[in-house]
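Good morning. Please have the structure open as I go.

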Number of protein chains: 2
Amino acid sequence: MIAVEPILFPSAQLHGFCVRVFESFGVPAADARRAADVLAAADLRGIDSHGVARLLAYVEMMAAGRINPRPSPKVVRQTASTATVDGDNGLGLVVGPFANELCMEKAEAAGSGWISVCNSNHYGIAGWYAMQGLPRDLINWSMTNATGLVAPLWGRERRLGTNPIAIAFPGQEEPPIVIDLATCAAAYGKLEIARRKGARIPRGWAIDKDGLDTDDPDQMIDGGALLPLGSDRERGGHKGYALGVMVDVLSAVLSGANWGPFAPPFALRQEIPLRTVGKGLGHFFGSLRIDGFIDPPVFKRQIDEMSRTLRATRPAPGTAGPLVPGDPEREAERIRLREGVPLLPAVVADLREVSRQTGIPLD
Amino acid sequence: MIAVEPILFPSAQLHGFCVRVFESFGVPAADARRAADVLAAADLRGIDSHGVARLLAYVEMMAAGRINPRPSPKVVRQTASTATVDGDNGLGLVVGPFANELCMEKAEAAGSGWISVCNSNHYGIAGWYAMQGLPRDLINWSMTNATGLVAPLWGRERRLGTNPIAIAFPGQEEPPIVIDLATCAAAYGKLEIARRKGARIPRGWAIDKDGLDTDDPDQMIDGGALLPLGSDRERGGHKGYALGVMVDVLSAVLSGANWGPFAPPFALRQEIPLRTVGKGLGHFFGSLRIDGFIDPPVFKRQIDEMSRTLRATRPAPGTAGPLVPGDPEREAERIRLREGVPLLPAVVADLREVSRQTGIPLD
């Protein structure tokens with residue numbers, strides 16, 4: 001058992017560090033700020049695996065010339081309401097926001113916008129993209145494929161990424177409903193934390209390299225795989241598997257990116273797939289104009305009422321009752337804006353390594 | 001333990017019976033055929049709970065004047081790529097196909113089409129709608145809300161329907177990938193079968209009226225609730241819950257239908273919610289033109305390769321290896337087209353009751 005006492009950093013300090021680090025690799029100032037925004041949102045919202053904990057990986061990939069710091073993303077095909085974007089192998093944190101903005105502009109002109117993106121890289125948290133639609137009265141959807149970690153139900157090999165789905169709905173007086181979920185049973189980050197603590201993991205999260213259910217995080221990390229949401233056939237593992245396939249097709253097959261086990265790694269230490277079947281990683285964005293369907297104030301009042309109805313459900317024993325999707329992240333943000341972002345010592349060590357490599361002070 | 005030996009009926013015979021039954025209530029001939037098509041697809045594809053097993057419920061609702069047999073569905077609002085449809089309280093099996101067709105026409109004109117539907121009723125299997133896009137090189141999406149059966153995670157009351165998501169992707173040489181899943185851990189139909197057999201159900205499917213996990217189907221049926229996909233917090237029950245909310249918002253809040261616990265019942269014997277918050281039940285359809293993103297032959301060849309890659313995954317112990325979403329339903333259809341549709345005696349008794357009420361012979 002290793003101590004994992006976190007160290008608190010103000011979000012603005014981490015954000016400023018990220019901006020300067022990205023700029024030091026030639027990322028244009030506006031892109032660097034945007035990329036840092038996406039990372040900061042992850043850290044504030046408590047999705048620790050997708051914030052500055054990933055900065056060293058991005059830096060190493062740029063230093064090795066595996067990510068283009070100054071991409072020119074291009075629309076390679078389009079209709080009134082759809083487009084395919086080639087991300088020019090840029091940071092996903094830059095290509096993603098570009099495509100998401102284009103998607104919202106399409107929606108504002110044609111009622112809806114749908115963009116499939118190829119030739120990109122890891123884009124941060126899916127939820128950030130979904131939330132960009134909220135102030136514009138748009139319902140935004142965001143998905144991405146990712147490096148293979150998840151086994152299809154009844155398989156014993158990593159064939160799909162954790163392939164998240166995010167969507168957000170604005171309320172009037174109540175906070176928005178913000179949905180952001182990976183299509184596997186549990187995030188890889190949770191296994192890593194269990195491993196650091198020397199703890200067991202619940203059954204249903206992972207299999208070992210022989211395809212057997214395991215409660216030992218090392219057995220998954222050493223050639224095993226994560227299980228899809230639903231875990232096994234009885235409890236609906238075929239459903240989580242199908243959702244992972246859906247995200248992969250929309251993000252990568254539709255855009256001409258690498259799908260499934262051929263999705264590129266997001267860090268140098270990861271294995272490179274044996275072959276490529278497309279260009280880079282893929283994302284999928286959608287945007288629907290609420291007023292294309294219903295008056296936005298009417299929609300928002302119903303969202304308020306739905307949130308209140310869900311919260312008012314009689315609690316299951318031992319719980320305080322249902323939350324509304326987005327509640328835990330909003331609560332984390334409230335606390336972390338005040339108290340700072342807690343980083344594990346291992347993450348701080350990575351940031352100090354970035355600081356050493358780039359000459360940019362962390363403190 | 002009660003005997004449940006099924007009786008085989010040719011699909012065409014059941015289809016013809018349904019057409020005549022719908023017509024006897026004044027449903028126009030083309031609508032009656034279309035409604036029967038949707039029911040027949042469920043029975044052939046092995047989704048027994050959504051085929052002719054529901055006919056008596058539809059008939060009773062029409063006989064009681066609770067469903068309009070001759071609706072005039074109307075577009076109440078639209079943009080180039082979106083619309084809201086009021087189903088005029090018609091059969092969902094008539095309103096759904098109408099809206100789905102409109103959605104595909106929008107996609108063919110504007111690249112994508114998205115339709116939210118209010119004032120409808122139970123629309124059959126979500127997968128049927130998704131599959132209509134396949135021959136037209138469209139990626140079709142279909143969702144619907146439904147009568148409340150599912151508890152939000154940490155709640156002990158029924159607040160959401162089984163709210164399914166369906167989407168289908170065409171292949172070239174390989175069969176299409178057809179995804180059709182309810183956002184709960186297990187279908188209500190599976191509990192009913194367990195009850196008839198006097199069998200226990202797996203942990204993670206349901207809670208009793210006190211919110212406690214149960215393996216007794218009667219305990220769920222008697223005031224308990226189904227659990228969302230993922231079952232509990234550890235295994236991702238908050239994700240299935242969030243997906244159920246997503247479907248409800250897109251189908252019902254966006255269209256102005258009744259959402260959550262206010263979704264109307266699909267059968268006379270079910271309780272009517274205490275109040276209404278909109279019009280009828282809601283659906284959501286989407287359609288994307290593949291050639292708006294990529295050349296369809298390129299897309300289909302990659303779908304072929306993805307299917308082959310998934311099937312070639314080394315099998316988990318005790319399994320024959322992963323399937324591709326849609327495989328079990330296609331296999332059921334192959335067998336049932338040849339051998340007939342197996343109906344439980346209770347279902348046959350319901351059909352004979354329909355026959356008695358309408359004077360239309362079953363055999």
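I start with a definition: a charge sits over a ring if NZ of Lys or CZ of Arg is within 6 Å of the ring centre and within 35 degrees of the ring normal. The model here is a predicted one. In chain B, B:R54 lies over the face of B:F266, at 4.1 Å from the ring centre. In chain A, A:R54 is placed over the face of A:F266, and its distance from the ring centre is 4.1 Å.

Now to rings paired with rings. How many aromatic pairs does the structure hold over all chains? There are 20 aromatic pairs. One of them is formed by A:W114 and B:W114, with 4.0 Å centre to centre and 20° between the planes. Planes under 30 degrees apart count as stacked, so this pair is stacked. A:W114 belongs to strand β4 (residues 112-120) of chain A, and B:W114 to strand β4 (residues 112-120) of chain B, so the pair joins two chains.

Are these two residues buried or exposed? A:W114 has 0% relative accessibility and counts as buried. B:W114 is also buried, at 0% relative accessibility.

For another geometry, take A:W259 and A:F262. Their ring centres are 5.1 Å apart and their planes stand at 80°, so the pair is edge-to-face. Both A:W259 and A:F262 are buried.

Last, the cluster. A:W114 and B:W114 belong to one aromatic cluster, together with A:W141, A:F284, B:W141 and B:F284.

How values were computed
Residues numbered from 1 in each chain as written. Chains lettered and ligands numbered in written order. Predicted model: local features only at pLDDT ≥ 70, side-chain atom pairs only at ≥ 80, totals over all residues. Heavy atoms only, no water. Phe/Tyr/Trp six-rings, centres within 6.5 Å; stacked < 30°, edge-to-face > 60°. Helix = DSSP H or I, 4+ residues; strand = E, 2+ residues; numbered from the N terminus. Buried < 20%, exposed > 50% of the residue type's maximum accessible area, 1.4 Å probe, protein only.
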